[in-house]
Amino acid sequence: MADLRRTVAIVGVAESDEIGRVEKSNLQLHAEAAYNALEDAGLTMKDVNGLMTAGTSTINLGEYLGVQPMFTDTTAVGGSSFIIHIAHAMAAINAGYCDTILVTHGEAGRSARSRPGANASDPGPQYEIPYGFIGAPINYAMAARRYMHIYGDDYTRQGMAEVAVATRKWANLNPKAYMQGQEMSFDDYHDSRWISWPFHLFDCCLVTDAGGAYVVTTAERARNLPKKPVYVLGAGEGHDHGILSQMPDLTRTWARNSGPAAMKMAGVTHNDIDLAMIYDSFTYTVLATLESLGFCGPGEAPDFVKDQRTAPGGNFAMNTSGGGLSYTHSGMYGMFLVLEAVRQLRGETGERQIDNPKLSLVHGTGGSLSSTGTVILGVD
Amino acid sequence: MTSDYKKPIPVPQFESDHYWQKAKEKELWLRKCNACSKVYFYPRDISPCCFSRDTTWVQASGKATLFTYGIVQRAPHPGFVPDVPFVTAMVELEEGPIMATNIVMDDPTPEKLQVGMALEVVFEDITDTIALPKFKPA
Ligand SMILES: [Zn+2]
């Protein structure tokens, strides 16, 4: 594969005007985020000649935004999509299809609860949904139960609690976080109601309305724009199943492949990473992902995160926005991982800013632990 | 088996008609790949293990062990409201594959559900043409 390191950069990032409980249509959330991200980049819609999204078609989105792209990509593999889009944007720009790509997301996850109807010929509607395998909490809970069976109930539970509490502490430092101002103790975690055993409410991500967008362009152009370029250094992606019952190993995700691929391309190792942005649809997702990425070995994640190691002041900065658990989670949360990584690398995150980060690993997980995308982002 | 069944109902597809017809007769049938002898779930004419067309239907024993489970406390769909708490599970069939199902049990608790416990298939009639294979402690 050609060496595409540092050939493109993310030059603009933004949420929609508000996130949380917004009551706007999905497309308006896309549009607001697009407007704000272009403004952040110092670009206009006239500069955009590539358009990407997931969960809706770019023909509707392009029309709504008034853009006529010469490159389009709607790779939709759940919450990891917007991580994977970074790599696809890098490939498209290097192949010469276009030079400036707008990637948008908008989902009224809270206000518009209805989901598109399932396709009856897909496996889920025949073999899982009739049994109540509906929605991520129920599916992921079963994966977590398997992990607990292998590595121990109390040990796993403590790891899940550490992640929930640490992530909330970061949210308390983020003015945009849904859970801003609401602290969580370990007792609060353990006392929160059951959703699907073994998941408490506080093992589960939020359900919010939110839009997000980022702009990718050539490194050359990025150097002439107002904000510090955040270069794409490495990327990996893929998936190994669709429905949960087909997952080869409920304790290992495709991060085992996409993580090493991204780090190899970037020429970095785990110890080089200053900020880990790890998709936290559930506390368990983080444990399984840290292991699959190789930050620790199988069964070691609860130890890895213990004593609030990932909280503000800890020595492993992770999910500094407050994550899907406590900042925002509209449905396909991957977009928001990118926004936080870029802002941290630019030094724009105020009270929660970590000390001079140079490298961030950004990792999305989608479907029923099905798909993953990993990117390494860096600044000079 | 009534018209007021409010939960999602599977729509058999061409490659799964046999599976659902046999389920209605209280039998569990699976597909087997003759290229490697693996029995797989869910039914597909061309096997996912070898991508072979040399496949056949085999009847399962109906015996399984509990691979993992969750106890659903908040109904994910209006049809499941009367059922909570109920058990979603993945079971490992004697023939090898893992399938999604429910464990039929009153007042489920983690204490009553041990990973590895022996199970056997039961069939719940939900419409005139569809029965869902579920499992109960053997
Ligand atoms: Zn085979």
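Colleague: What makes the place of A:P198 a loop of chain A?

Modeller: A:P198 falls between β5 (194–197) and β6 (199–200) of chain A, where strands are DSSP runs of E with at least two residues and helices are runs of H or I with at least four, numbered from the N terminus. A cis peptide bond, with omega about 10 degrees, joins A:W197 to A:P198. The model is a predicted one, in which local features need pLDDT of at least 70, side-chain atom pairs count only at pLDDT 80 or more, and totals for chains, interfaces and linings use all residues. Residues are numbered from 1 along each chain as its sequence is written, chains are lettered from A and ligands numbered from 1 in the order in which they are written, and side-chain values use heavy atoms, with hydrogens and water left out.

Colleague: Why is the site of the zinc ion called tetrahedral?

Modeller: Its four donor atoms make angles of 102 to 125 degrees, and four donors count as tetrahedral if all angles lie between 85 and 135 degrees, so the site is tetrahedral.

Colleague: What makes B:C33, B:C36, B:C49 and B:C50 the coordinating residues?

Modeller: Their SG atoms lie at 2.3 to 2.4 Å from the zinc ion, and donors are N, O and S atoms within 2.8 Å of the metal (3.2 Å for Na, K and Ca), although water is not among the atoms, so sites may look incomplete.

Key:
Four donors count as tetrahedral if all angles lie between 85 and 135 degrees; four count as square planar and six as octahedral if opposite donors are over 155 degrees apart and all others between 65 and 115; anything else is irregular.
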